[in-house]
Amino acid sequence: LKNDADKQKCISEAKRVCKDGGKIFFAFISNDFVFLTEFGYDVNYFSNGDYDKETFKLNDFPFVFHTVGAARKLLADGGINILHEVASDGASELLAARINEMSDEEFDEKVGQFKVYARVQPEHKTRIVNAWRTKGKITAMTGDGVNDAPSIKSADIGIGMGITGTDVTKNVADMVLADDNFATIVSAVAEGRRIYDNIRKAIQFLLGSNLSEVLSIFIATILNFTILKPVHLLFINLVTDSIPALALGLEKPERDIMSRKPRDSKDGIFAGGMGFDCLYQGVIVTVLTLTAFFIGEYLETGKWVFTNISDCNEGMTMAFLTMSMAEIFHSFNMRSQRGSALAMSFGQKSHNAVLYGAMVLALALTAAIIEIDPLAQMFDFTPLNLKAYAISIGLAISVIPIVEIVKAIQRAAAKKK
């Protein structure tokens, strides 16, 4: 498109066709994001608030558009040369007759060259979907008629129309648009990614936390001392682990959520380095907890002892406080697997009020069982002085900068790849 006049001419023709053409669908492929979004608003492809210009760009995704009937003639009213100029990335239109002339092998090889199809039949749509799947791509297919059902069923994600769609199409579809608005697809993808991200965050937080408990008990057993009692572990699991984990499920979507490539359907829950993250984060909390115990032992006895330690209430109390606080502060890290939680909160002004409330509640309950005498006696805790508190909380809060540093290293390594 040469200028604004061409854009307005094209948009006007698009609006006329979408309003008067019934089930005639067509679209444009362009690197001009402003033009595409203007067009999307005018033909009800987008609605206000359905996407974020900072994070979502149409040309991040390999769309394939279908035209039917007189699509070429309809576009010719706005200048047939517009179609070729817009398809500046080398993609071209392909008539159904040409698909019939191509073997499966040839079509599978060349399918990436075509972005616009005309006069396609049901079997052609299925071939297009299967060709993209052969290339290892995640495919989505939309439709409303009976003839769309085979291709919708073949796609990884079949999308049916809730208002104009037939019962057959709705039955085979994985997702049904209740409002027949294509913008809903974008919203659904974003919400699905947010939910999946939050599930992974909660699992990573819980596994890392539980690993720290297991390692602490294991090392203490080998060195012949008691670092935490069963009732302490029960409290940590029920309070300082569970409450923040539930709050992580309400985390807002990250800014880059719609610019990511679709994940491989074969990826497991630990894909993307999550297993390593659980391991190193669990080790960090373990080291901090053991450090607090040994410091508590030194403050109580005046000497450094690392093995064969008899009951040390101050060391045990500091270890409990450090582990509980560290896991609470670590839940803040879990707002993003790779992104900086500090940048999210202070730079991007993205906040999870429920998580903050959960952290405060867990902190208050932890402090209560240490400071309220009847509760402290039930848990075999000893009162801590200000110095012991400062050391324990200082160790616990250090989990935030340590994980931030590791994340920065991981991001730098990912950029090099």
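Are Phe320 and Phe381 buried or exposed? Both of them are buried. Keep these residues in mind for a later stop; the model open in the viewer is a predicted one.

The tour follows the aromatic rings. A pair of such rings is described by the distance of the centres and the angle of the planes. The structure holds nine aromatic pairs.

Select Phe225 and Phe294 to begin. Their ring centres are 5.7 Å apart and the planes meet at 65 degrees, so this pair is edge-to-face, the cut-off being over 60. Now colour by secondary structure: Phe225 lies in the loop between helix 10 (183-222) and helix 11 (230-248), while Phe294 belongs to helix 12 (residues 274-301), so the pair ties together parts that are 69 residues apart in sequence. With a relative accessible area of 7%, Phe225 is buried. Phe294 also counts as buried, at 13% relative accessibility.

Next, select Phe320 and Phe381. These two form a tilted aromatic pair, with 4.7 Å from centre to centre and 40 degrees between the planes. Phe320 sits in helix 13 (residues 313-333), and Phe381 is found in the loop between helix 16 (373-378) and helix 17 (386-397).

For the last stop, select Arg263 and Tyr196. Here the charged end of Arg263 sits over the ring of Tyr196, at 4.2 Å from the ring centre.

Technical notes. Residues are numbered from 1 along each chain as its sequence is written. This is a predicted model: local features need pLDDT of at least 70, side-chain atom pairs count only at pLDDT 80 or more; totals for chains, interfaces and linings use all residues. Side-chain values use heavy atoms; hydrogens and water are left out. Rings of Phe, Tyr and Trp (its six-membered ring) pair if their centres lie within 6.5 Å; planes under 30 degrees apart count as stacked, over 60 as edge-to-face and the rest as tilted. Helices (H or I, at least four residues) and strands (E, at least two) are DSSP runs, numbered from the N terminus. Buried means under 20% relative accessible area, exposed over 50%, partly exposed in between (1.4 Å probe, protein chains only). A charge sits over a ring if NZ of Lys or CZ of Arg is within 6 Å of the ring centre and within 35 degrees of the ring normal.
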